[in-house]
Amino acid sequence: MAKAPNEMFIDGRYNRVHQWRFDGGFSMPASPSPMIVLPPFSNPDFVDPEEAFIASLASCHMLFFSALCR
């Protein structure tokens, strides 16, 4: 017998794949790291929040350093 959706949520058996939408219409598929949330409830092909956070820090650092060097 299949579980009700609220039971699947309580048990942690729900899909966590989602979309990030940005200004200008850009959209990016996102998912938790497959090392934290195992597939099929995550997708290893998508960007995870930890990767995005590090990328944003690296980008800010690069842009600040470029402006400083200018």
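Is His61 buried or exposed? I looked up its relative accessible area and found 57%, so His61 is exposed. I used these limits: buried means under 20% relative accessible area, exposed over 50%, and partly exposed in between, with a 1.4 Å probe and protein chains only.

**Entry 1. Basis of the notes.** I worked from a predicted model, in which local features need pLDDT of at least 70, side-chain atom pairs count only at pLDDT 80 or more, and totals for chains, interfaces and linings use all residues. Residues are numbered from 1 along each chain as its sequence is written, and side-chain values use heavy atoms, with hydrogens and water left out.

**Entry 2. The chain as a whole.** I noted two helices and two strands in the chain. Their pattern along the sequence is α-β-β-α. The chain has a radius of gyration of 17 Å, well over the 11 Å that the globule rule gives for 70 residues, so the chain is more spread out than a compact globule. I took that radius over C-alpha atoms, and the globule rule is 2.2 Å times the number of residues to the power 0.38. For the elements, I followed DSSP runs numbered from the N terminus: helices are H or I of at least four residues, and strands are E of at least two.

I also recorded the box that the C-alpha atoms fill, roughly 65 × 25 × 20 Å along the principal axes. Of the 70 residues, 13% are buried. The chain exposes about 5900 Å², and carbon and sulfur atoms supply 67% of this area. Accessible areas come from the Shrake-Rupley method with a 1.4 Å probe; for residues, only the protein chains shown count as cover. Among contacts between residues at least 6 apart in sequence, 25% join residues at least 24 apart. A contact here means heavy atoms within 4.5 Å.

**Entry 3. Helix α2.** I placed His61 in helix α2. With a relative accessible area of 52%, Leu63 is exposed. I found 28 Å between the C-alpha atoms of Leu63 and His18, which are 45 residues apart along the chain.

Entry 4. Why does Ser33 count as buried? Its relative accessibility is 8%. Not counting residues up to four places away in sequence, Ser33 touches Ser42, Asp48 and Glu50.

Asp48 is placed in the loop between β2 and α2. At 9% relative accessibility, I counted Asp48 as buried. Leaving aside neighbours within four places in sequence, I listed Trp20, Ser31, Pro32 and Ser33 as the contacts of Asp48. The C-alpha atoms of Asp48 and Pro32 are separated by 4.9 Å, although these residues are 16 apart along the chain.

I checked the peptide bond from Pro39 to Pro40 and found it cis, with omega near 15 degrees. Pro40 is placed in the loop between β2 and α2. As background, most peptide bonds are trans.

**Entry 5. Aromatic pairs.** How many aromatic pairs does the rule give? The count comes to two. In the pair of Phe9 and Tyr14, the ring centres are 4.9 Å apart and the planes are at 35 degrees, so the pair is tilted. The rings of Phe22 and Phe26 have their centres 6.0 Å apart and their planes at 35 degrees, so this pair is tilted. I applied the following rule: rings of Phe, Tyr and Trp (its six-membered ring) pair if their centres lie within 6.5 Å; planes under 30 degrees apart count as stacked, over 60 as edge-to-face and the rest as tilted.

I then looked up the exposure of these residues. Phe9 is exposed at 54% relative accessibility, whereas Tyr14 is partly exposed at 30%. Phe22 is partly exposed at 44%, and Phe26 is partly exposed at 46%.

**Entry 6. A nonpolar surface patch.** I placed Phe9 in helix α1 (residues 5-10). Phe9, Ile10 and Tyr14 form a nonpolar patch on the surface, and together they have about 350 Å² of accessible area. Patches are made of residues with over 30% relative accessible area and no salt bridge; like charges are joined within 9 Å, and nonpolar side chains (Val, Leu, Ile, Met, Phe, Trp, Tyr) within 5 Å. A salt bridge is a side-chain nitrogen of Lys or Arg within 4 Å of a carboxyl oxygen of Asp or Glu.
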